[in-house]
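Keep the structure open as you read.

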Amino acid sequence: MTCARTNRFNPAPSVDEYLAETNVMFYLNDAVTQLLEHKEEYTQFGVVRYFAEYFASVKNRNHVLFREYSYIKATSHNRTSFIRVVWRCYRQMGKSGELLTVMDYSSLLQLLCPDFPVELVQNAARIVVMDDASDCSMSFADFMYAFQLQFYYQEFLDSVSAIYQDLLSGKSPNTVIVPTSNSIEQLPLLASEETESQKAEEGVDSSLFGECIEGLCERFKHSHPSTCIMIEVLEHSPRTSLQSFLLALARHETVNQDIGALPNHTELLVDQEMDQELDRLIAQLSVSPTSNSSSSVVGLKEPLRKASPRKSLHQRKRIEMESDGSTEETDSSDT
């Protein structure tokens, strides 16, 4: 089997193709919606500036902060942006080596996205631990790579899970390429003397599972990992379980690079840009107590405003208004 490679000599995409690939219309629609919902606040800064800052936030990947779940999962860019935000916000916890439970990680994610579903966090945890060990603690690194795989390829993994369960129960592999509720009901059962526990422990035939996944990829409309990588993973053992298959994908460096949200495994706990920003803040907080207090506060305003990645566009506007007003007051008092 050969993997398809991108031809660098392919002609440039048409306007319609470009708009579809970049989801420009989706972001433009959201920008207009946000403007109408907060019209009185944003019009004080000017519509042109508003749109410039909105699309700058999209480019910088901080546009997903505190947004609803339907928004952060709407595009692949939003998904990678949210994964990266989670990593940057909680990386320090990983450096401490602290182990957290499913509910701990769920609570942390809901601080960034209030309606983030617990079920998705549980599915990510099952990639790392067994089904009956959902209360076990996980390291930050293990969770992040499993979460990345589960969140970014959510629709594809749901279909793969349905295929796996059909094969595990002995249903015909020829009709489980794209699992649906109707097709599952029509699948004939194959004779088997194995108990359910034995089947779950041994998994399914890797080559048969691979054939089903290849067929799924040919028809699937959403993003999915490279078919070559998935077949490569399955070739390591004659039989495989769903957990071992997904865990191998989560830890696969090429899969991580294709998603493009997290650094490689050796650099997961390193973020030089964030570390430098923290060092600057610490230096500002370490100002000598003999320094003029008002000038120290004024000096701190700008770095603190720039280093706050957790503020949405709506919240940043309010902070900028308050900060600008307080600065003017301080300046006038000094004079």
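Helix α7 passes helix α8 in a right-handed crossing. The model is predicted.

**Helices α7 and α8**
- Helix α7 spans residues 102-112, and helix α8 spans residues 118-128.
- Their axes lie 9 Å apart and meet at an angle of about 135°.
- Angles over 145 degrees count as roughly antiparallel, and 65 to 115 as roughly perpendicular; α7 and α8 are therefore oblique to each other.
- On the α7 side, the contact is made by V102, M103, Y105, S106, L109 and Q110.
- On the α8 side, V118, V121, Q122 and A125 take part.
- By class, this contact of α7 with α8 has seven nonpolar and three polar residues, with no charged ones.

**Helices α10 and α13**
- Helix α10 covers residues 154-168, while helix α13 covers residues 206-219.
- The two axes come within 11 Å and cross at roughly 145°.
- The crossing of α10 past α13 is right-handed.
- From α10, the residues in contact are F156, S159, V160, I163, Y164 and L167.
- They meet L208, F209, C212, I213, L216 and C217 of α13.
- The contact of α10 with α13 counts 11 nonpolar residues, one polar and no charged.

**Residue R79**
- R79 sits in helix α6, which runs over residues 76-96.
- Is R79 buried or exposed? Its relative accessible area is 8%, and the cut-off for buried is under 20%, so R79 is buried.
- Beyond its neighbours within four places in sequence, R79 touches I72, K73, F151, Y152, Q154 and E155.

Note on methods:
Residues numbered from 1 in each chain as written. Predicted model: local features only at pLDDT ≥ 70, side-chain atom pairs only at ≥ 80, totals over all residues. Heavy atoms only, no water. Axes fitted to C-alpha atoms, helices over the stretch in contact; angles between N-to-C directions. Helix = DSSP H or I, 4+ residues; strand = E, 2+ residues; numbered from the N terminus. Left-handed = near helix turned anticlockwise from the far one by under 90°. Contact = heavy atoms within 4.5 Å. Nonpolar A, V, L, I, M, F, W, Y, C, P; charged D, E, K, R; others polar. Buried < 20%, exposed > 50% of the residue type's maximum accessible area, 1.4 Å probe, protein only. Parallel < 35°, antiparallel > 145°, perpendicular 65-115°, else oblique.
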